[in-house]
Amino acid sequence: MNETIKTLLHHRSIRKFEDRPLTDQQIRTIIDCAQAASTSSYIQAYSIIGVKEKEKKRRLAELAGNQPYVETNGHLFIFCADLYRHELLAEMEGADITASLESAEKYMVAVIDAALAAQNAAIASESMGLGICYIGGLRNNVEEVAQVVSIPRRVIPLFAMTVGYPLHESSKKPRLPFEHVYHEEGYNEDKKELQAQLLEYNKTIQEYYLQRTSGERSDTWTGQMAAMLSKPTRMFMKEFVEKQGFHRR
């Protein structure tokens with residue numbers, strides 16, 4: 001056990017922040033840590049857009065599903081898959097890299113690079129006593145979000161991260177069992193064993209919600225997921241991704 005592991009294991013999503021901005025030095029440190037993350041083949045296929053303006057945050061909060069913590073926080077970071085700079089460098093070098101930029105592989109590289117950078121930013125923020133929350137709701141109205149923050153072609157706003165001084169200490173949601181997530185030497189496809197693990201996990205989740213809501217809620221994880229995934233969402237993303245020049249071949 002050390003301070004890094006303590007920080008990782010203590011993670012909770014924070015959804016209420018002081019209306020107190022981060023300092024420029026804090027922002028710089030968080031971005032420096034994000035950039036220290038691993039990147040596939042040194043491609044560095046991501047960019048991060050910081051948002052300070054109150055009105056712009058208010059609009060993004062509205063577009064993300066009226067989530068108030070997108071508006072009130074210390075700083076809002078938007079993590080983007082970015083191959084625009086690679087298109088520019090191709091012009092500089094007189095190279096034709098269109099096939100690579102439009103491949104499913106480079107789309108995956110850009111998304112993974114952005115996610116790795118974001119998790120570094122999250123850990124750095126939490127190590128400074130700040131709280132964070134990932135905002136996937138930014139994709140609810142991705143076209144409008146792209147306009148608000150002036151996104152060019154070959155760039156996709158993937159998600160946001162709110163960072164700030166926590167106003168509360170939220171509870172930690174129990175994760176799936178170790179045995180269910182970690183497989184040695186190959187994937188365990190034993191359906192009965194996996195479903196038995198899920199049933200045990202459901203009991204843990206029910207107990208969590210019963211305690212958290214004083215008996216008003218007793219969801220199971222499998223029930224939650226089945227209900228959510230039965231209603232497909234953001235089905236326009238494929239069209240937007242292709243329009244931005246990604247995953248076209």
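Predicted model: local features only at pLDDT ≥ 70, side-chain atom pairs only at ≥ 80, totals over all residues.

**The aromatic cluster and its surroundings**

Modeller: One aromatic cluster is made up of F79, Y134 and F159. A pair of aromatic rings is described by the distance between the centres and the angle between the planes. Counted in this way, the aromatic pairs number six. For F79 and F159 the ring centres are 5.5 Å apart and the planes stand at 25°, so this pair is stacked; the cut-off for stacking is an angle under 30 degrees. Because F79 belongs to strand β2 (residues 75-82) and F159 to strand β4 (residues 155-164), the pair ties together parts that are 80 residues apart in sequence. F79 has a relative accessible area of 0% and is therefore buried. F159, with a relative accessible area of 14%, is buried too, since the limit for that term is under 20%.

Another of the pairs joins F178 and Y182, whose ring centres are 5.3 Å apart with the planes at 40°, so this pair is tilted. F178 counts as exposed, at 57% relative accessibility, whereas Y182 counts as partly exposed, at 43%.

The charged contacts follow. Over the whole structure, 19 salt bridges are found. One of them joins the side chains of E169 and R12, at 3.5 Å from N to O. E169 lies in the loop between β4 and α9 (178-181) and R12 in the loop between α1 and α2, so the bridge ties together parts that are 157 residues apart in sequence. E169 counts as exposed, at 54% relative accessibility.

D24 and K52 also meet through their side chains in a salt bridge, at 3.1 Å from N to O. Here helix α2 supplies D24, and the loop between β1 (46-51) and α3 (54-63) supplies K52, so the parts tied together are 28 residues apart in sequence. Both D24 and K52 are exposed.

A salt bridge of 3.6 Å, N to O, links the side chains of K243 and E143. K243 is in helix α12 (residues 237-243) and E143 in helix α8 (residues 142-148), so this pair ties together parts that are 100 residues apart in sequence. K243 is partly exposed at 42% relative accessibility, and E143 is partly exposed at 34%.

Finally, R15, K172, K173, R175 and R212 form a positive surface patch. Of these residues, R15 is found in the loop between α1 (3-9) and α2 (24-35), and its relative accessibility of 42% makes R15 partly exposed.

Note on methods: Residues numbered from 1 in each chain as written. Heavy atoms only, no water. Patch = residues over 30% accessible without salt bridge, like charges linked within 9 Å, V, L, I, M, F, W, Y side chains within 5 Å. Areas by Shrake-Rupley, 256 points an atom, 1.4 Å probe, with all protein chains shown as cover. Salt bridge = Lys/Arg side-chain N within 4 Å of Asp/Glu carboxyl O. Lys, Arg positive; Asp, Glu negative; His and termini not counted. Charge placed at Lys NZ, Arg CZ, Asp CG, Glu CD. Helix = DSSP H or I, 4+ residues; strand = E, 2+ residues; numbered from the N terminus. Buried < 20%, exposed > 50% of the residue type's maximum accessible area, 1.4 Å probe, protein only. Phe/Tyr/Trp six-rings, centres within 6.5 Å; stacked < 30°, edge-to-face > 60°.
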